[in-house]
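The structure is shown first.

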Amino acid sequence: MRLLLPLLLLLAAPLADAAGLPAVTLETTAGGGTQYSVSLQILAAMTALTFLPAILLSMTSFTRIVIVMGLLRQALGTGQTPSNQILIGLSLFLTMFIMAPVAARIHDTAVKPYMDGQMAFAPALANAEKPLRSFMLAQTREADLMTFAKLSGRDKPYEKPEQVPFTVLAASFITSELTTAFQIGFLLFIPFVVIDLVVSSVLMSLGMMMLSPMLISLPFKLMLFVLVDGWSLTMSMLAASFKAAS
């Protein structure tokens, strides 16, 4: 929530500046009653809230983390354990941990000066964009960036990071995150696939054709994962996979 709050404040800031209309108006009806109406400010603010899930999915570390968690669950072969709610909650908290430095920079350089009246909205929005842009650029592959740059009609590479349009950066970032998540998932699958192959070979050599290898290999995979402290290793590996923004 620490990351989403500064973004929400910046989205709603121009609505607070437009003080020409009150938030709620009272009108007396012909029958002597009172009618309440909500101004366009509140409507626009509620509309801005709908962009928060898109921001979370496409501009933070959430995508990589939740995909890796899902692939890890499939590699273990535990079905729906842990449940989707647990994986999403774990991904959200790890996202807040990873994005905390970015959120702190946004708060110090944009939100706090704007709330204190020391900076106008436009410069505050520009300052808020810089830490997020730096984070996204650090995780984005140059090949993906050039792919979407060509789709936008540009043939030459960008000379400066500031020249990259935010739409091109967002599309390149999410594509790079998907690629990185599947690479990490592949590495996580390898030891569990080896266990499945060994168990299957042993069962075949013993002539136990009717016994499911997954039923036998699951306890061994769980034991291996627990013995190596798998959750801690996965969390630390995911956090370390994000490059520090310059």
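## Helix 6

In this predicted model, helix 6 has 19 residues and spans 28 Å from its first C-alpha to its last, close to the 27 Å expected at 1.5 Å a residue. Its buried residues are Ala124, Ala128, Pro131, Leu132, Arg133, Ser134, Phe135, Met136, Ala138 and Gln139.

## Nonpolar core

The largest nonpolar core holds 41 residues, and Ile65, Phe135, Met136 and Leu238 have the most contacts inside it. Two or more residues each come from helix 3 (52-58), helix 4 (62-76), helix 5 (84-115), helix 6 (121-139), helix 7 (142-151), helix 8 (166-205) and helix 10 (230-240). With nine residues, helix 5 gives the most to this core.

Leaving aside residues up to four places away in sequence, Ile65 touches Ser91, Leu94, Thr95, Ile98, Leu238 and Phe242. Met146 lies in helix 7. Its relative accessibility is 17%, so Met146 counts as buried, the cut-off being under 20%.

## Aromatic pairs

The count of aromatic pairs comes to four. One of them, Phe135 with Phe242, is stacked, at 6.1 Å centre to centre and 20° between the planes. This pair links distant parts of the chain, 107 residues apart: Phe135 is in helix 6 and Phe242 is in the segment after helix 10.

Phe192 is buried at 5% relative accessibility, and Phe225 is buried with a relative accessible area of 8%.

Ring pairs also join Phe135, Phe173 and Phe242 into a cluster. The charged end of Arg64 sits over the ring of Phe242, 3.9 Å from the ring centre.

## Confidence

The protein chain averages a pLDDT of 78, and 78% of the residues score at least 70. Confidence is highest in helix 4, at a mean of 91, and lowest in helix 1 (residues 4-17), at 46.

Over residues 1-5, pLDDT stays under 50, and the model has seven contacts beyond four places in sequence for them. It also stays under 50 over residues 8-24, for which there are 31 such contacts. Where pLDDT is low, the predicted coordinates should not be read in detail.

Technical notes
Residues numbered from 1 in each chain as written. Predicted model: local features only at pLDDT ≥ 70, side-chain atom pairs only at ≥ 80, totals over all residues. Heavy atoms only, no water. Core = buried A, V, L, I, M, F, W, Y, C linked by side-chain atoms within 4.5 Å. Buried < 20%, exposed > 50% of the residue type's maximum accessible area, 1.4 Å probe, protein only. Helix = DSSP H or I, 4+ residues; strand = E, 2+ residues; numbered from the N terminus. Contact = heavy atoms within 4.5 Å. Expected span 1.5 Å × (residues − 1). pLDDT = per-residue confidence, 0-100. Phe/Tyr/Trp six-rings, centres within 6.5 Å; stacked < 30°, edge-to-face > 60°. Lys NZ or Arg CZ within 6 Å of the ring centre and 35° of its normal.
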